[in-house]
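Me: Can you walk me through this one? I'd like to start with a helix and then go to the charged pairs.
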Amino acid sequence: MGSRKVAFVLGGGGVLGAVQVGMLRAVLERGIRPDLVVGTSIGAINGAIIAADVDRSLERLEEAWSSKDARTLTTGMGLRPGRAHVMSPEPLRRMLAYGLGGAADFEDLEVEFRCCAASVERAAEHWFDAGPLVPAVLASAALPGLFPAVRIGDEHFVDGGIVNSIPVGQAADAGATDLYVMQVGRIEHALTPPRNQFENARVAFEISRRHRFARDTAGLGEGTRLHVLPTGTASARENRISRNLSPAAVRRRMATAHGAASAYLDREEARRREPDLGAGAGPVDRAGH
(Lines give C-alpha, C1' and ligand atoms only; values in the text may rest on other atoms or scores of the structure.)
Protein backbone atom coordinates (compact mmCIF):
# COMPACT_ATOMS: atom_id res chain seq x y z
CA MET A 1 0.00 0.00 0.00
CA GLY A 2 1.18 3.54 -0.74
CA SER A 3 1.39 6.46 1.64
CA ARG A 4 -1.38 6.71 4.19
CA LYS A 5 -3.46 9.76 5.10
CA VAL A 6 -4.46 10.32 8.73
CA ALA A 7 -7.77 11.99 9.53
CA PHE A 8 -9.13 13.16 12.85
CA VAL A 9 -12.93 12.85 12.76
CA LEU A 10 -14.68 14.89 15.46
CA GLY A 11 -18.36 14.30 16.10
CA GLY A 12 -21.11 16.49 17.50
CA GLY A 13 -22.45 16.54 21.04
CA GLY A 14 -22.36 19.98 22.68
CA VAL A 15 -20.64 20.12 26.06
CA LEU A 16 -19.91 16.38 25.78
CA GLY A 17 -17.30 17.43 23.21
CA ALA A 18 -14.91 18.15 26.08
CA VAL A 19 -13.87 14.49 25.81
CA GLN A 20 -12.27 15.29 22.46
CA VAL A 21 -9.62 17.34 24.25
CA GLY A 22 -8.60 14.28 26.29
CA MET A 23 -8.64 12.06 23.20
CA LEU A 24 -6.52 14.56 21.30
CA ARG A 25 -3.93 14.56 24.07
CA ALA A 26 -3.70 10.75 23.95
CA VAL A 27 -3.27 10.72 20.18
CA LEU A 28 -0.69 13.50 20.04
CA GLU A 29 1.30 11.93 22.89
CA ARG A 30 1.81 8.93 20.61
CA GLY A 31 3.08 11.03 17.72
CA ILE A 32 -0.07 10.69 15.64
CA ARG A 33 -0.71 13.85 13.64
CA PRO A 34 -3.50 14.64 11.19
CA ASP A 35 -3.28 15.26 7.47
CA LEU A 36 -6.99 16.10 7.53
CA VAL A 37 -9.50 17.18 10.17
CA VAL A 38 -13.26 16.88 9.65
CA GLY A 39 -15.81 17.97 12.21
CA THR A 40 -19.46 18.52 12.97
CA SER A 41 -21.00 20.88 15.54
CA ILE A 42 -18.77 21.00 18.65
CA GLY A 43 -16.44 18.77 16.66
CA ALA A 44 -16.17 21.55 14.08
CA ILE A 45 -15.17 24.03 16.78
CA ASN A 46 -12.59 21.73 18.35
CA GLY A 47 -11.49 20.53 14.92
CA ALA A 48 -10.88 24.00 13.52
CA ILE A 49 -8.71 24.84 16.53
CA ILE A 50 -6.70 21.66 15.98
CA ALA A 51 -6.28 22.38 12.26
CA ALA A 52 -5.15 25.96 12.94
CA ASP A 53 -2.02 24.88 14.82
CA VAL A 54 -1.63 21.23 15.82
CA ASP A 55 1.29 21.89 18.17
CA ARG A 56 -0.61 24.54 20.14
CA SER A 57 -4.06 23.01 19.84
CA LEU A 58 -4.14 21.33 23.26
CA GLU A 59 -3.14 24.52 25.03
CA ARG A 60 -5.68 26.58 23.11
CA LEU A 61 -8.48 24.04 23.57
CA GLU A 62 -7.92 23.71 27.30
CA GLU A 63 -7.91 27.49 27.72
CA ALA A 64 -10.99 27.89 25.51
CA TRP A 65 -12.92 25.23 27.45
CA SER A 66 -12.01 26.87 30.78
CA SER A 67 -12.82 30.42 29.65
CA LYS A 68 -15.66 32.63 30.89
CA ASP A 69 -17.34 32.22 27.50
CA ALA A 70 -17.28 28.45 27.86
CA ARG A 71 -18.85 28.71 31.33
CA THR A 72 -21.55 30.96 29.89
CA LEU A 73 -22.39 28.29 27.34
CA THR A 74 -22.20 25.24 29.60
CA THR A 75 -24.04 26.71 32.59
CA GLY A 76 -26.77 28.42 30.59
CA MET A 77 -25.98 31.96 31.71
CA GLY A 78 -27.55 34.46 29.36
CA LEU A 79 -30.51 32.27 28.39
CA ARG A 80 -33.31 34.26 26.75
CA PRO A 81 -36.48 32.14 26.95
CA GLY A 82 -39.38 32.87 24.64
CA ARG A 83 -37.32 33.59 21.53
CA ALA A 84 -36.72 31.47 18.44
CA HIS A 85 -33.22 30.88 19.84
CA VAL A 86 -32.42 31.16 23.52
CA MET A 87 -28.69 31.96 23.43
CA SER A 88 -26.50 34.47 21.65
CA PRO A 89 -23.72 32.93 19.53
CA GLU A 90 -21.27 35.63 20.65
CA PRO A 91 -19.64 33.61 23.48
CA LEU A 92 -19.12 30.77 21.03
CA ARG A 93 -17.70 33.19 18.46
CA ARG A 94 -15.21 34.59 20.97
CA MET A 95 -14.21 31.13 22.19
CA LEU A 96 -13.60 30.04 18.61
CA ALA A 97 -11.75 33.20 17.58
CA TYR A 98 -9.34 32.81 20.50
CA GLY A 99 -8.65 29.18 19.67
CA LEU A 100 -8.00 29.92 16.01
CA GLY A 101 -5.13 32.26 16.84
CA GLY A 102 -5.83 34.69 14.05
CA ALA A 103 -6.75 32.26 11.26
CA ALA A 104 -9.56 33.90 9.27
CA ASP A 105 -10.03 31.58 6.29
CA PHE A 106 -9.79 27.86 5.69
CA GLU A 107 -6.71 28.58 3.62
CA ASP A 108 -4.96 30.00 6.72
CA LEU A 109 -5.10 26.69 8.58
CA GLU A 110 -2.05 24.48 9.06
CA VAL A 111 -3.98 21.29 8.22
CA GLU A 112 -6.75 20.63 5.70
CA PHE A 113 -10.13 21.08 7.43
CA ARG A 114 -13.76 20.52 6.52
CA CYS A 115 -16.93 21.06 8.56
CA CYS A 116 -20.53 20.05 8.04
CA ALA A 117 -23.74 22.08 8.34
CA ALA A 118 -27.34 21.56 7.28
CA SER A 119 -28.83 23.89 4.66
CA VAL A 120 -32.32 25.01 5.63
CA GLU A 121 -33.46 26.00 2.13
CA ARG A 122 -32.13 22.86 0.43
CA ALA A 123 -32.78 20.54 3.37
CA ALA A 124 -29.35 19.08 2.60
CA GLU A 125 -25.94 18.31 4.02
CA HIS A 126 -23.35 20.93 3.14
CA TRP A 127 -19.58 20.85 3.58
CA PHE A 128 -17.43 23.96 3.99
CA ASP A 129 -13.74 23.73 3.04
CA ALA A 130 -12.85 27.18 1.71
CA GLY A 131 -13.46 30.84 2.41
CA PRO A 132 -14.27 32.57 5.72
CA LEU A 133 -13.78 30.17 8.62
CA VAL A 134 -15.73 31.50 11.60
CA PRO A 135 -19.16 31.75 9.90
CA ALA A 136 -18.81 28.21 8.56
CA VAL A 137 -17.89 26.75 11.94
CA LEU A 138 -20.65 28.68 13.72
CA ALA A 139 -23.09 27.35 11.12
CA SER A 140 -21.95 23.81 11.85
CA ALA A 141 -22.62 24.40 15.57
CA ALA A 142 -25.92 26.32 15.26
CA LEU A 143 -28.10 23.93 17.26
CA PRO A 144 -31.74 24.78 16.44
CA GLY A 145 -33.54 26.36 19.35
CA LEU A 146 -30.30 27.20 21.12
CA PHE A 147 -28.49 29.34 18.52
CA PRO A 148 -29.80 31.22 15.47
CA ALA A 149 -29.33 29.86 11.97
CA VAL A 150 -26.27 31.34 10.23
CA ARG A 151 -26.76 33.05 6.90
CA ILE A 152 -23.96 32.48 4.38
CA GLY A 153 -24.67 33.82 0.92
CA ASP A 154 -28.33 33.20 0.11
CA GLU A 155 -28.73 30.23 2.45
CA HIS A 156 -29.29 29.66 6.13
CA PHE A 157 -27.44 26.87 7.91
CA VAL A 158 -28.00 25.01 11.17
CA ASP A 159 -26.17 22.34 13.15
CA GLY A 160 -24.48 19.69 11.02
CA GLY A 161 -25.29 17.00 13.57
CA ILE A 162 -28.78 16.88 12.09
CA VAL A 163 -27.42 15.37 8.87
CA ASN A 164 -24.00 13.88 9.68
CA SER A 165 -23.02 13.70 13.32
CA ILE A 166 -19.85 11.55 13.05
CA PRO A 167 -18.56 12.20 9.51
CA VAL A 168 -16.35 9.20 8.79
CA GLY A 169 -17.63 9.03 5.20
CA GLN A 170 -16.43 12.53 4.40
CA ALA A 171 -12.96 11.69 5.69
CA ALA A 172 -12.82 8.56 3.56
CA ASP A 173 -14.09 10.46 0.50
CA ALA A 174 -11.20 12.91 1.02
CA GLY A 175 -8.72 10.05 0.77
CA ALA A 176 -8.10 9.31 4.44
CA THR A 177 -6.88 5.77 5.18
CA ASP A 178 -6.42 6.02 8.97
CA LEU A 179 -9.42 7.49 10.80
CA TYR A 180 -9.25 8.46 14.47
CA VAL A 181 -12.83 9.05 15.51
CA MET A 182 -13.30 11.40 18.47
CA GLN A 183 -16.94 10.83 19.34
CA VAL A 184 -18.70 11.98 22.51
CA GLY A 185 -19.84 8.66 23.98
CA ARG A 186 -23.42 8.31 22.82
CA ILE A 187 -22.69 5.39 20.50
CA GLU A 188 -20.99 3.49 23.33
CA HIS A 189 -24.22 2.72 25.19
CA ALA A 190 -27.30 0.85 24.00
CA LEU A 191 -30.52 2.79 23.50
CA THR A 192 -33.61 2.01 25.56
CA PRO A 193 -37.25 2.80 24.68
CA PRO A 194 -38.40 6.29 25.73
CA ARG A 195 -40.04 6.39 29.16
CA ASN A 196 -41.76 9.74 28.78
CA GLN A 197 -42.71 12.29 26.15
CA PHE A 198 -39.46 14.22 26.54
CA GLU A 199 -37.34 11.21 25.60
CA ASN A 200 -39.12 10.51 22.31
CA ALA A 201 -37.26 13.16 20.32
CA ARG A 202 -33.91 12.22 21.87
CA VAL A 203 -34.29 8.53 21.06
CA ALA A 204 -35.52 9.24 17.51
CA PHE A 205 -32.58 11.55 16.83
CA GLU A 206 -30.16 9.04 18.31
CA ILE A 207 -31.46 6.28 16.03
CA SER A 208 -30.90 8.53 13.02
CA ARG A 209 -27.42 9.50 14.20
CA ARG A 210 -26.30 5.93 14.85
CA HIS A 211 -27.82 4.59 11.64
CA ARG A 212 -25.81 7.05 9.55
CA PHE A 213 -22.60 6.25 11.40
CA ALA A 214 -23.12 2.48 11.07
CA ARG A 215 -23.90 2.80 7.37
CA ASP A 216 -20.86 4.94 6.66
CA THR A 217 -18.46 2.73 8.61
CA ALA A 218 -19.79 -0.35 6.83
CA GLY A 219 -19.01 1.33 3.51
CA LEU A 220 -15.36 2.11 4.24
CA GLY A 221 -12.97 0.68 1.71
CA GLU A 222 -10.52 -2.16 2.04
CA GLY A 223 -7.38 -1.15 3.89
CA THR A 224 -9.07 1.60 5.89
CA ARG A 225 -8.13 1.63 9.56
CA LEU A 226 -10.91 2.94 11.76
CA HIS A 227 -10.17 3.77 15.39
CA VAL A 228 -13.22 4.76 17.44
CA LEU A 229 -11.70 6.28 20.55
CA PRO A 230 -13.58 5.55 23.80
CA THR A 231 -14.70 8.19 26.29
CA GLY A 232 -14.41 6.02 29.39
CA THR A 233 -18.01 6.71 30.45
CA ALA A 234 -19.61 3.78 32.27
CA SER A 235 -23.25 4.35 31.33
CA ALA A 236 -25.63 6.42 29.23
CA ARG A 237 -26.79 8.15 32.42
CA GLU A 238 -23.23 9.21 33.24
CA ASN A 239 -22.91 10.58 29.71
CA ARG A 240 -26.00 12.83 29.81
CA ILE A 241 -25.41 16.49 29.07
CA SER A 242 -27.19 17.50 32.28
CA ARG A 243 -24.53 15.69 34.34
CA ASN A 244 -21.61 17.32 32.52
CA LEU A 245 -22.23 21.06 32.66
CA SER A 246 -20.02 22.25 35.51
CA PRO A 247 -16.37 23.28 34.98
CA ALA A 248 -15.33 20.41 37.27
CA ALA A 249 -17.31 17.92 35.19
CA VAL A 250 -15.72 19.24 31.99
CA ARG A 251 -12.24 18.75 33.41
CA ARG A 252 -13.15 15.29 34.69
CA ARG A 253 -14.46 14.25 31.27
CA MET A 254 -11.23 15.37 29.60
CA ALA A 255 -9.13 13.34 32.04
CA THR A 256 -11.33 10.24 31.81
CA ALA A 257 -11.29 10.31 28.01
CA HIS A 258 -7.53 10.76 27.99
CA GLY A 259 -7.10 7.63 30.12
CA ALA A 260 -9.54 5.55 28.08
CA ALA A 261 -8.14 6.64 24.72
CA SER A 262 -4.56 6.07 25.92
CA ALA A 263 -5.38 2.52 27.02
CA TYR A 264 -7.09 1.81 23.70
CA LEU A 265 -4.17 3.14 21.64
CA ASP A 266 -1.67 1.16 23.71
CA ARG A 267 -3.67 -2.03 23.13
CA GLU A 268 -3.77 -1.31 19.41
CA GLU A 269 -0.02 -0.77 19.28
CA ALA A 270 0.59 -4.03 21.14
CA ARG A 271 -1.75 -5.86 18.80
CA ARG A 272 0.00 -4.53 15.71
CA ARG A 273 3.39 -5.55 17.10
CA GLU A 274 2.20 -9.16 17.40
CA PRO A 275 1.84 -10.62 13.85
CA ASP A 276 -0.25 -13.58 14.94
CA LEU A 277 -2.90 -11.37 16.52
CA GLY A 278 -3.23 -9.35 13.35
CA ALA A 279 -3.59 -12.38 11.08
CA GLY A 280 -7.03 -12.71 9.61
CA ALA A 281 -8.18 -9.30 10.83
CA GLY A 282 -10.62 -7.47 8.60
CA PRO A 283 -9.68 -4.37 6.60
CA VAL A 284 -11.65 -2.05 8.86
CA ASP A 285 -10.87 -1.90 12.56
CA ARG A 286 -13.98 -0.95 14.51
CA ALA A 287 -12.50 -1.45 17.98
CA GLY A 288 -13.78 0.97 20.55
CA HIS A 289 -17.48 0.21 20.07
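Me: What should I know before reading numbers off it?
Reply: This is a predicted model: local features need pLDDT of at least 70, side-chain atom pairs count only at pLDDT 80 or more, and totals for chains, interfaces and linings use all residues. Residues are numbered from 1 along each chain as its sequence is written, and side-chain values use heavy atoms, without hydrogens or water.

Me: Which residues of helix α5 are buried?
Reply: P91, L92, M95, L96, G99 and L100, in a helix that covers residues 90–100. Buried means under 20% relative accessible area, exposed over 50%, partly exposed in between (1.4 Å probe, protein chains only). Helices are DSSP runs (H or I, at least four residues), and strands are too (E, at least two), numbered from the N terminus.

Me: OK, charges. How many salt bridges are there in the whole structure?
Reply: The search finds 23. The criterion is a side-chain nitrogen of Lys or Arg within 4 Å of a carboxyl oxygen of Asp or Glu.

Me: What does R212 pair with?
Reply: E125, at 3.1 Å, N to O. R212 is in helix α8 and E125 in strand β4, so the pair ties together parts 87 residues apart in sequence.
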